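Colleague: Please walk me through some local features of this model. Start with the aromatic rings, then turn to the backbone and the helices.

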Amino acid sequence: MKLSQINLKYILPAMMILAWGNGIMSSQIKREPKMAWGRNNPVGEAVGIYPGRVAWSHAPGTAGWVKGDGRWYEDRWNDQQGADWLVDSAIRTLTGEPDAQKAWEALFKDFNKRHGRKGAYRRGQKVAVKLNMNNSSTYEDNEQINASPHFALALLRSLVYEGGVAQDDITLFDASRFITDALFNKCHSEFPKVHYVDNEGTNGRTKATYVENAIPYSIDNGLLARGLAECAVNADYLINVALLKGHGGQGVTLCAKNWYGVTNIDRNFRKNHHNNFNQDRGGKPRYMTFTDYMGHKDLGGKTMLFLIDGLYGSKDVNGAPSGKWHLAPFDNDWPSSLFASQDGVAIDAVGIDFLASEFPSMADVDYCDMYLVEAALADRPVSGTFYDPERDGTGLKSLGVLEHWNNPSDKKYSRNMGMDKGIELVYVKRQ
């Protein structure tokens, strides 16, 4: 067959992957989801005390739900001590510190240093924690996967008891949804002075308010919501707590997409716009809204810690957790994991590798890393976009480092192989 007889729409995407990824073979493309960037080919500027480090804490048995028997978030299915250990071990591993108190101090100090400030957290500074409560429509709990109540409590315990952050300096929020009863009751009973902000603002919660036109976007982004929750805009520090799950349209929903819930969208998702969320299905570079979220001064630019709650994880954005994981070391169990990083690109890259390896048939997974390509190369993106989410004339610099692991068995990134660049995935398991 002559080349002219081959349909070019199937050839060009593969050529683009080979050019960008520098090492993905055509045989691999056939049996694995297609990524816009390649294995062990780091690009971008790594962020963190240990640049590009992603801490992966694994506490087998922390999540124990039996599908069909009650709901996944019930106390009988979740080990609070295991959740507490996940947070403690993740921040210690991320910072290299011997205890959580020193780890929080190191995180605050490093963030402040990178932003031209001195010292660590001081009383009166505000810490806002963005949860993912996307699958909530009332305060009544449902079977669908949302932020884990046990993990939220573990994070508050660590922030208050080890990090020394005053309760009334903390805001736990999802401005676009509801903080449901299971999470609110568990956290509020121990931390009644924490601010709980959601879209409704009743039953002990505070109603979200917004700063209009706070994010004009780098391009004319149609009718996409431009307001940002005041609790984020007024915060000194943000913590982004995403979920490990897929999402139709974008392929995955991790830390970058979690920022959508800070905007002044309608809590009825059918009424909202999603301009430039989806990657090009053929792998062509394009402007990505998520990159603007990652670089905006009051979103990714204000984030001191990125977390991915992987207690359960799921193939789909909606519904109950989809099932136990086969990928090692989970071996037909729930992941019972937490991922932590100071690098918002690196952590989402790791999340994509886990999801794409466990669920290769996940909806719209092909090229789902396109927003990370743009973010890692934000000062010279392959799409040619001038990324300036505040429209103040100052373009973004690289927002972190991107690469994909060598394979799902070894899970090695460049720094795991002794290189002085790329991602370092550091695994710790509870015995």
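## Rings, backbone and a helix crossing

Modeller: The structure holds 28 aromatic pairs. Rings of Phe, Tyr and Trp (its six-membered ring) pair if their centres lie within 6.5 Å; planes under 30 degrees apart count as stacked, over 60 as edge-to-face and the rest as tilted. This is a predicted model: local features need pLDDT of at least 70, side-chain atom pairs count only at pLDDT 80 or more, and totals for chains, interfaces and linings use all residues. Residues are numbered from 1 along each chain as its sequence is written, and side-chain values use heavy atoms, with hydrogens and water left out.

Colleague: How is the pair of Phe108 and Tyr237 described?

Modeller: A pair of aromatic rings is described by the distance of the centres and the angle of the planes. Phe108 and Tyr237 are edge-to-face, at 4.8 Å centre to centre and 75° between the planes. Phe108 lies in helix α4 (residues 100-114) and Tyr237 in strand β9 (residues 237-247), so the pair ties together parts 129 residues apart in sequence. Helices (H or I, at least four residues) and strands (E, at least two) are DSSP runs, numbered from the N terminus. Both Phe108 and Tyr237 are buried. Buried means under 20% relative accessible area, exposed over 50%, partly exposed in between (1.4 Å probe, protein chains only).

Colleague: Which residues form one aromatic cluster?

Modeller: Trp56, Trp325, Phe330, Phe339, Phe354, Phe359, Trp405, Tyr413 and Tyr427 form it.

Colleague: Now the backbone. Where is the cis peptide bond?

Modeller: Most residues other than glycine have a negative phi, and most peptide bonds are trans. Here a cis bond joins Ala328 and Pro329, with omega about 10°. Pro329 lies in the loop between β11 (303-314) and β12 (337-341). Asn332 is also placed in the loop between β11 and β12. Its phi is positive, near 65°.

Colleague: Is Tyr217 buried or exposed?

Modeller: Tyr217 is buried, with a relative accessible area of 1%. Its phi is positive, about 75°, although Tyr217 is not a glycine. Asn332, by contrast, is partly exposed at 47%.

Colleague: At what angle do α3 and α5 cross?

Modeller: Axes are lines fitted to C-alpha atoms, for helices over the stretch in contact (heavy atoms within 4.5 Å); angles run from 0 to 180 degrees between N-to-C directions. The axes of α3 (residues 80-95) and α5 (residues 149-162) come within 8 Å and cross at roughly 50°. The two are therefore oblique; angles under 35 degrees count as roughly parallel, over 145 as roughly antiparallel, 65 to 115 as roughly perpendicular and the rest as oblique.
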